[in-house]
Amino acid sequence: MRFFIAALISIISVSASAETGIFEVDGMHCKMCVRKITKTVCALEEVDQCEVEIGRLKITTKSGAKIDVKKITDLVAETGSYKVIKSEIKP
Ligand SMILES: [Cu+2]
């Protein structure tokens with residue numbers, strides 16, 4: 001519940017532009033890895049567009065939503081033996 005409220009606040013309290021984040025992910029090696037990351041990260045409420053390939057994740061948020069790098073990094077790590085090694089956020 002607390003997580004849900006925090007996510008809701010982070011969506012509401014930001015300006016009305018989307019953000020794009022590119023994450024380099026270590027430990028991905030096949031289509032199953034791509035599928036697992038897609039299932040978790042792309043399903044986030046604030047994510048609008050989501051492209052996953054081996055070693056790389058690109059997400060664009062819905063208008064007004066920002067990318068929480070720590071949240072994405074933690075989620076990627078929880079999904080399997082994956083690690084975000086580089087992230088770049090563009091407005
Ligand atoms: Cu794999």
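## A word to start with

Two residues are in contact here if their C-beta atoms, placed from the backbone, lie within 7 Å. With that in mind, let's look around this predicted model, beginning with helix α2: the elements covering its buried residues include β1, β2, β3 and α3.

## The overall layout

The protein chain holds three helices and four strands. Following the sequence, they come in the pattern α-β-α-β-β-α-β.

How far does the C-alpha trace span along its principal axes? It covers about 35 × 30 × 20 Å. A compact globule with 91 residues would have a radius of gyration near 12 Å, and the protein chain, at 13 Å, agrees with that. Of the contacts between residues at least 6 apart in sequence, 65% link residues at least 24 apart.

## The sheet

Strands pair through backbone hydrogen bonds, in either a parallel or an antiparallel way. In this model, four strands make an open sheet with antiparallel pairing, in the order β2-β3-β1-β4. The edges belong to β2 (47-53) and β4 (83-90); each has a single partner strand, so one side of each is left without a neighbour in the sheet. From one strand to the next, the twist averages 15°.

Helix α2 (residues 31-41) lies across β1, β2 and β3 (56-61), and runs at about 170° to β2. Helix α3 (residues 69-79) lies across β1 and β4, running at about 150° to β4.

Which residues of α2 are buried? They are C33, I37 and V41. Viewed down the axis of α2, these buried residues fall within an arc of 40°, so they line one face of the helix.

In soluble globular proteins, nonpolar side chains tend to be buried together. The largest nonpolar core in this model has 14 residues, of which V25, I37, V41, L57, I72 and V76 touch the most other members. Two or more residues come from each of β1, α2, β3 and α3, and α2 gives the most, with three.

Leaving aside residues up to four places away in sequence, I72 touches G21, F23, V41, I67 and V84. Across the protein chain, buried residues make up 21% of the 91 residues.

Note on methods:
Residues are numbered from 1 along each chain as its sequence is written. This is a predicted model: local features need pLDDT of at least 70, side-chain atom pairs count only at pLDDT 80 or more; totals for chains, interfaces and linings use all residues. Two strands pair if DSSP finds at least two bridges between them. Axes are lines fitted to C-alpha atoms, for helices over the stretch in contact, and angles run from 0 to 180 degrees between N-to-C directions. A nonpolar core is a set of buried Ala, Val, Leu, Ile, Met, Phe, Trp, Tyr and Cys residues joined through C-beta atoms within 7 Å. A residue is buried if 20 or more other C-beta atoms lie within 10 Å of its own, exposed if 12 or fewer, and partly exposed in between; C-beta atoms are placed from the backbone. The arc is that of the directions from the helix axis to the C-beta atoms. The radius of gyration is taken over C-alpha atoms; the globule rule is 2.2 Å times the number of residues to the power 0.38.
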